[in-house]
Amino acid sequence: MAGALLTLISAIGVLRLPDVYTRSHAISKSTTLGMIFILMGTLFYFWLKHDHFNSRLLLAIVFLFLTSPVSAHLISRAAYYSGVRPWEGTVRDDLAERRENRTKSAK
Amino acid sequence: MTVMFYIALALLSLAIGCFVYRVVKGPTVADRVIALDAIGICLAGIVAVLSILLETSVFLEIILLIGILAFLGTAAFAKFLQKGVVIERDGNH
(Lines give C-alpha, C1' and ligand atoms only; values in the text may rest on other atoms or scores of the structure.)
Protein backbone atom coordinates (compact mmCIF):
# COMPACT_ATOMS: atom_id res chain seq x y z
CA MET A 1 0.00 0.00 0.00
CA ALA A 2 0.92 3.62 -0.36
CA GLY A 3 1.24 3.97 3.40
CA ALA A 4 4.58 2.20 3.50
CA LEU A 5 6.17 4.61 1.05
CA LEU A 6 4.97 7.64 2.95
CA THR A 7 6.23 6.37 6.25
CA LEU A 8 9.62 6.94 4.71
CA ILE A 9 8.82 10.64 4.41
CA SER A 10 7.94 10.91 8.07
CA ALA A 11 11.00 8.92 9.08
CA ILE A 12 13.26 11.21 7.06
CA GLY A 13 11.56 14.26 8.50
CA VAL A 14 12.22 12.82 11.92
CA LEU A 15 15.84 11.98 11.23
CA ARG A 16 16.72 15.46 10.18
CA LEU A 17 15.49 17.43 13.26
CA PRO A 18 17.52 20.62 12.64
CA ASP A 19 16.89 23.01 15.54
CA VAL A 20 14.49 23.90 18.28
CA TYR A 21 11.54 25.53 16.52
CA THR A 22 12.28 24.08 13.12
CA ARG A 23 12.29 20.68 14.79
CA SER A 24 8.70 21.13 15.93
CA HIS A 25 7.82 22.17 12.40
CA ALA A 26 9.48 19.12 10.85
CA ILE A 27 7.91 16.71 13.30
CA SER A 28 4.39 18.04 13.14
CA LYS A 29 4.16 18.26 9.36
CA SER A 30 5.93 15.14 8.24
CA THR A 31 4.61 12.75 10.86
CA THR A 32 1.07 13.98 10.33
CA LEU A 33 1.32 13.49 6.59
CA GLY A 34 2.85 10.05 7.00
CA MET A 35 0.26 8.94 9.54
CA ILE A 36 -2.63 10.24 7.46
CA PHE A 37 -1.39 8.24 4.49
CA ILE A 38 -0.94 5.12 6.60
CA LEU A 39 -4.43 5.43 8.04
CA MET A 40 -5.88 6.05 4.56
CA GLY A 41 -4.05 2.94 3.38
CA THR A 42 -5.56 0.93 6.22
CA LEU A 43 -9.01 2.36 5.51
CA PHE A 44 -8.87 1.44 1.84
CA TYR A 45 -7.35 -1.95 2.62
CA PHE A 46 -10.26 -2.96 4.82
CA TRP A 47 -12.74 -1.29 2.53
CA LEU A 48 -11.63 -2.93 -0.70
CA LYS A 49 -10.43 -6.28 0.56
CA HIS A 50 -12.89 -7.10 3.29
CA ASP A 51 -15.73 -4.83 2.19
CA HIS A 52 -15.79 -3.33 5.62
CA PHE A 53 -15.89 0.44 5.87
CA ASN A 54 -14.52 1.53 9.22
CA SER A 55 -15.90 4.89 10.23
CA ARG A 56 -13.73 5.10 13.36
CA LEU A 57 -10.63 5.12 11.19
CA LEU A 58 -12.06 8.01 9.23
CA LEU A 59 -12.75 9.79 12.50
CA ALA A 60 -9.15 9.17 13.57
CA ILE A 61 -7.87 10.68 10.32
CA VAL A 62 -9.98 13.80 10.73
CA PHE A 63 -8.99 14.12 14.38
CA LEU A 64 -5.29 13.80 13.65
CA PHE A 65 -5.56 16.30 10.83
CA LEU A 66 -7.30 18.82 13.06
CA THR A 67 -5.30 18.49 16.25
CA SER A 68 -1.71 18.17 15.15
CA PRO A 69 -1.27 21.80 14.00
CA VAL A 70 -3.08 22.92 17.12
CA SER A 71 -0.76 21.01 19.40
CA ALA A 72 2.33 22.13 17.48
CA HIS A 73 1.25 25.73 17.79
CA LEU A 74 0.46 25.37 21.49
CA ILE A 75 3.79 23.85 22.34
CA SER A 76 5.79 26.35 20.29
CA ARG A 77 3.99 29.25 21.91
CA ALA A 78 4.54 27.82 25.36
CA ALA A 79 8.21 27.28 24.57
CA TYR A 80 8.57 30.84 23.33
CA TYR A 81 6.99 32.41 26.36
CA SER A 82 8.85 30.17 28.75
CA GLY A 83 12.06 31.65 27.42
CA VAL A 84 13.52 29.24 24.89
CA ARG A 85 15.69 31.26 22.54
CA PRO A 86 15.34 30.65 18.79
CA TRP A 87 18.23 29.42 16.73
CA GLU A 88 20.88 32.03 15.90
CA GLY A 89 20.14 31.77 12.19
CA THR A 90 16.55 32.92 12.61
CA VAL A 91 16.06 35.94 10.39
CA ARG A 92 13.20 37.76 12.02
CA ASP A 93 11.49 37.59 15.35
CA ASP A 94 8.03 39.07 15.12
CA LEU A 95 7.04 38.24 18.65
CA ALA A 96 10.01 39.92 20.33
CA GLU A 97 8.37 43.31 20.66
CA ARG A 98 5.26 41.84 22.17
CA ARG A 99 7.28 39.84 24.64
CA GLU A 100 9.19 42.94 25.72
CA ASN A 101 5.88 44.68 26.36
CA ARG A 102 4.67 41.74 28.39
CA THR A 103 7.73 41.62 30.59
CA LYS A 104 7.52 45.39 31.11
CA SER A 105 3.90 45.31 32.09
CA ALA A 106 4.58 42.38 34.38
CA LYS A 107 7.11 44.48 36.23
CA MET B 1 2.92 -7.27 -0.39
CA THR B 2 3.54 -8.30 3.19
CA VAL B 3 7.22 -7.39 2.86
CA MET B 4 6.14 -3.81 2.33
CA PHE B 5 4.26 -3.81 5.60
CA TYR B 6 7.26 -5.21 7.42
CA ILE B 7 9.40 -2.46 5.89
CA ALA B 8 6.86 0.10 7.06
CA LEU B 9 7.00 -1.35 10.57
CA ALA B 10 10.79 -1.18 10.56
CA LEU B 11 10.75 2.45 9.42
CA LEU B 12 8.24 3.38 12.08
CA SER B 13 10.36 1.73 14.74
CA LEU B 14 13.37 3.66 13.45
CA ALA B 15 11.37 6.88 13.72
CA ILE B 16 10.39 6.02 17.28
CA GLY B 17 14.05 5.37 18.04
CA CYS B 18 14.92 8.86 16.81
CA PHE B 19 12.17 10.34 18.94
CA VAL B 20 13.38 8.48 22.01
CA TYR B 21 16.84 9.90 21.40
CA ARG B 22 15.28 13.35 21.26
CA VAL B 23 13.30 12.73 24.45
CA VAL B 24 16.41 11.65 26.32
CA LYS B 25 18.78 14.28 24.98
CA GLY B 26 16.49 17.17 24.00
CA PRO B 27 17.95 20.46 25.17
CA THR B 28 14.64 21.96 26.28
CA VAL B 29 11.44 20.62 27.77
CA ALA B 30 9.47 21.65 24.69
CA ASP B 31 11.57 19.36 22.51
CA ARG B 32 10.84 16.46 24.80
CA VAL B 33 7.11 17.13 24.75
CA ILE B 34 7.06 17.39 20.96
CA ALA B 35 8.97 14.15 20.65
CA LEU B 36 6.58 12.40 23.04
CA ASP B 37 3.62 13.60 20.98
CA ALA B 38 5.27 12.28 17.84
CA ILE B 39 5.93 8.93 19.56
CA GLY B 40 2.20 8.69 20.24
CA ILE B 41 1.37 9.40 16.60
CA CYS B 42 3.93 6.83 15.46
CA LEU B 43 2.40 4.25 17.79
CA ALA B 44 -0.96 4.86 16.14
CA GLY B 45 0.67 4.18 12.78
CA ILE B 46 2.25 0.97 14.08
CA VAL B 47 -1.15 -0.19 15.31
CA ALA B 48 -2.61 0.51 11.86
CA VAL B 49 0.08 -1.47 10.06
CA LEU B 50 -0.24 -4.32 12.58
CA SER B 51 -3.97 -4.49 12.07
CA ILE B 52 -3.38 -4.90 8.33
CA LEU B 53 -0.79 -7.60 8.97
CA LEU B 54 -2.96 -9.51 11.41
CA GLU B 55 -6.07 -9.06 9.23
CA THR B 56 -8.25 -7.88 12.06
CA SER B 57 -10.18 -4.67 12.47
CA VAL B 58 -10.48 -4.78 16.25
CA PHE B 59 -7.37 -2.64 16.76
CA LEU B 60 -8.76 0.30 14.87
CA GLU B 61 -10.45 1.92 17.86
CA ILE B 62 -7.07 2.01 19.56
CA ILE B 63 -5.76 4.38 16.89
CA LEU B 64 -8.38 6.97 17.68
CA LEU B 65 -7.77 6.53 21.38
CA ILE B 66 -4.00 6.97 21.05
CA GLY B 67 -4.45 10.07 18.90
CA ILE B 68 -6.77 11.67 21.43
CA LEU B 69 -4.49 10.84 24.34
CA ALA B 70 -1.42 12.23 22.56
CA PHE B 71 -3.20 15.47 21.79
CA LEU B 72 -4.52 15.86 25.33
CA GLY B 73 -1.09 15.19 26.79
CA THR B 74 0.54 17.77 24.55
CA ALA B 75 -2.08 20.40 25.28
CA ALA B 76 -1.77 19.85 29.02
CA PHE B 77 2.01 20.07 28.84
CA ALA B 78 1.84 23.29 26.83
CA LYS B 79 -0.41 24.82 29.45
CA PHE B 80 1.89 23.63 32.20
CA LEU B 81 4.94 25.14 30.49
CA GLN B 82 3.25 28.46 29.98
CA LYS B 83 1.38 28.97 33.23
CA GLY B 84 3.01 26.61 35.70
CA VAL B 85 -0.20 24.77 36.58
CA VAL B 86 -2.47 22.53 34.56
CA ILE B 87 -5.80 23.39 36.15
CA GLU B 88 -6.25 27.02 37.05
CA ARG B 89 -8.34 28.13 39.98
CA ASP B 90 -10.25 31.33 39.78
CA GLY B 91 -10.03 33.92 42.51
CA ASN B 92 -7.08 35.04 44.57
CA HIS B 93 -3.80 33.84 43.21
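## Basis of the model

In this predicted model, local features need pLDDT of at least 70 and side-chain atom pairs count only at pLDDT 80 or more, while totals for chains, interfaces and linings use all residues. Residues are numbered from 1 along each chain as its sequence is written, chains are lettered from A and ligands numbered from 1 in the order in which they are written, and side-chain values use heavy atoms, with hydrogens and water left out.

## Helices and annotated spans

An unreviewed UniProt entry annotates residues 26-48 and 57-76 of chain A as "transmembrane region"; such positions are given in the numbering used here, feature names are shortened, and annotations may be inferred rather than shown by experiment. Residues 57-76 of chain A are 100% helix and 0% strand, with end C-alpha atoms 28 Å apart. Helices (H or I, at least four residues) and strands (E, at least two) are DSSP runs numbered from the N terminus.

In chain B, the end C-alpha atoms of H2(B) are 36 Å apart, which agrees with the 36 Å that its 25 residues should span at 1.5 Å a residue, the expected span being 1.5 Å times one less than the number of residues. Of those 25 residues, 20 are buried, so H2(B) is largely enclosed by the rest of the structure; buried means under 20% relative accessible area, exposed over 50%, and partly exposed in between (1.4 Å probe, protein chains only). Just after H2(B), Glu55(B) takes a positive phi of about 60 degrees.

## The salt bridge between chains

Over all chains the structure holds one salt bridge, defined as a side-chain nitrogen of Lys or Arg within 4 Å of a carboxyl oxygen of Asp or Glu. Arg56(A) pairs in this way with Glu61(B), the closest N and O atoms being 3.0 Å apart, and the pair crosses from helix H3 of chain A to helix H3 of chain B. Arg56(A) is partly exposed at a relative accessible area of 36%, and Glu61(B) is also partly exposed, at 32%.

## Nonpolar cores

A nonpolar core is a set of buried Ala, Val, Leu, Ile, Met, Phe, Trp, Tyr and Cys residues joined through side-chain atoms within 4.5 Å. The largest has 32 residues, and those with the most contacts inside it include Met35(A), Leu12(B) and Ile63(B). H2(B) gives the most to this core, with 12 residues.

Beyond its neighbours within four places in sequence, Ile63(B) is in contact (heavy atoms within 4.5 Å) with residues including Leu39(A), Leu57(A) and Val47(B).
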